[in-house]
Amino acid sequence: MTDLDTIERALGAVSFPDFLVRTRPEIDIDSLGREAVWVSLIVRDGPLPTPAQLGDVRDAVRAALQAAGVELWAYFRVRTRTEDRSMSRGRKRRTRS
Amino acid sequence: VTLTADLLAQAEHLLRVDRGRPRQASLRRSVSAAYYALFHLLVADGVAELAVAKLPGVRRLHCRAFVHSEMREVAETFARGTLPKHVASALRPPSAGLRRVAEAFQELREARHHADYNVYRRFSRDEASTFVAQARVAAEAWRRLPDREEARSFLHALFAWRRWKR
């Protein structure tokens with residue numbers, strides 16, 4: 001079993017490009033019923049990074065997880081900072097109601 | 001190939017179809033179409049590779065013989081770059097280009113699952129658009145893979161992976 005701290009430490013040691021504001025990993029079960037890690041890539045507002053730039057970030061995350069001994073498959077979600085805030089507020093509202 | 005192009009165009013249209021806040025239904029269908037664009041490209045190439053193109057009846061049957069979950073299993077294995085022993089003895093390790101295509105397939109498959117079935121999962125427009133872009137880039141990368149022998153081997157793996165384990 002992989003703990004989230006290990007993953008956060010691994011990602012914290014990576015030097016990411018400037019467009020990436022932060023990463024937010026979560027461990028959950030994927031559609032095959034296996035434990036996996038979802039990494040939200042929160043990017044700065046404005047034009048989205050290119051697929052090639054995001055591909056490099058994915059590679060860096062996978063390499064860091066592998067180096068830390070994390071064997072879970074990593075999935076990615078990309079959101080701008082504003083979108084992420086907006087969706088987090090929506091989530092809180094839905095939770096309260 | 002036309003179906004792939006049409007599905008990608010549809011996925012992009014759905015990203016923009018709503019003014020202001022996009023409807024989740026539009027974004028979900030967009031993500032799903034992006035996955036199916038790549039899926040149908042691989043299936044079409046797989047059927048052609050299986051050399052049944054001139055047998056229309058068999059071709060139709062083969063189109064339906066590809067199994068999503070099996071294809072996903074193959075994609076993850078190739079994306080990780082480490083093939084199981086019984087396969088590694090027959091195939092070279094996947095190139096970086098093929099690994100990227102396989103990774104896209106695996107990620108899009110999971111996203112499509114949530115888009116179609118998980119009502120608690122919300123998509124943002126930018127998030128959905130990155131999946132659509134990922135599908136478009138993967139489809140282009142697939143067509144441009146320089147090592148066609150590797151690409152053809154991957155298609156056979158997509159079709160017969162679980163039987164290879166016997």
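Trainee: What share of the accessible surface of chain A belongs to carbon and sulfur atoms?
Mentor: Before the answer, note that this is a predicted model, where local features need pLDDT of at least 70, side-chain atom pairs count only at pLDDT 80 or more, and totals for chains, interfaces and linings use all residues. Residues are numbered from 1 along each chain as its sequence is written, chains are lettered from A and ligands numbered from 1 in the order in which they are written, and side-chain values use heavy atoms, with hydrogens and water left out. Accessible areas come from the Shrake-Rupley method with a 1.4 Å probe, and for residues only the protein chains shown count as cover. For chain A the total is about 5,400 Å², and the share on carbon and sulfur atoms is 48%.

Trainee: In what pattern do the helices and strands of chain A follow one another?
Mentor: Chain A has three helices and three strands (DSSP runs numbered from the N terminus: helices are H or I with at least four residues, strands are E with at least two). Going along the sequence, the pattern is α-β-β-α-β-α.

Trainee: And how about chain B, what order do its elements run in?
Mentor: Chain B has eight helices and zero strands. From the N terminus, that reads α-α-α-α-α-α-α-α.

Trainee: What is the radius of gyration of chain B?
Mentor: The radius is taken over C-alpha atoms, and the globule rule is 2.2 Å times the number of residues to the power 0.38. For 166 residues, a compact globule would come out near 15 Å, and the value for chain B agrees with that. The C-alpha trace of chain B spans about 55 × 35 × 30 Å along its principal axes, and its radius of gyration is 16 Å.

Trainee: How much of chain B counts as buried?
Mentor: Buried means under 20% relative accessible area, exposed means over 50%, and partly exposed is in between (1.4 Å probe, protein chains only). In chain A, with 97 residues, the buried part is 44%. In chain B, with 166 residues, it is 51%.

Trainee: How far apart are the centres of the positive and negative side chains in chain A?
Mentor: Lys and Arg count as positive, Asp and Glu as negative, while His and the chain ends are not counted. Each charge is placed at NZ of Lys, CZ of Arg, CG of Asp or CD of Glu. In chain B, the mean positions of 30 positive and 18 negative charges are 4 Å apart. Chain A has 17 positive and 14 negative side chains, with centres separated by 9 Å.

Trainee: Which residues of chain A lose the most area to chain B?
Mentor: Contact means heavy atoms within 4.5 Å, and 26 residues of chain A are in contact with 24 residues of chain B. Buried area is the accessible area (1.4 Å probe) that two parts lose on being put together, summed over both, and here it is about 2,200 Å², 49% of it on carbon and sulfur atoms. Three residues together make up 25% of what the chain A side buries: Ser31(A), Arg58(A) and Trp73(A).

Trainee: Which residues of chain B does Arg62(A) touch?
Mentor: Arg62(A) is in helix H2 (residues 51-67) of chain A and counts as buried because its relative accessibility is 17%. Setting aside residues up to four places away in sequence, Arg62(A) touches Trp73(A), Ala74(A) and Phe76(A) within chain A, and across in chain B Glu103(B) and Glu107(B).

Trainee: Is Ser40(A) buried or exposed?
Mentor: Ser40(A) is in strand E2 (residues 35-43) of chain A. Beyond its neighbours within four places in sequence, Ser40(A) is in contact with Arg22(A), Thr23(A), Arg24(A), Glu26(A) and Arg77(A). Its relative accessible area is 3%, so Ser40(A) is buried.

Trainee: What does Ala139(B) contact outside its sequence neighbours?
Mentor: Ala139(B) is in helix H7 (residues 125-144) of chain B, and it counts as buried because its relative accessibility is 1%. Leaving out neighbours within four places in sequence, its contacts are Thr4(B), Leu38(B) and Leu41(B).

Trainee: How far is Trp164(B) from Val87(B) in space?
Mentor: Trp164(B) lies in helix H8 (residues 148-164) and is partly exposed, with a relative accessible area of 30%. Among the residues it touches beyond four places in sequence are His86(B), Val87(B) and Leu91(B). Trp164(B) and Val87(B) are 77 residues apart in sequence, while from C-alpha to C-alpha the distance is 7.9 Å.
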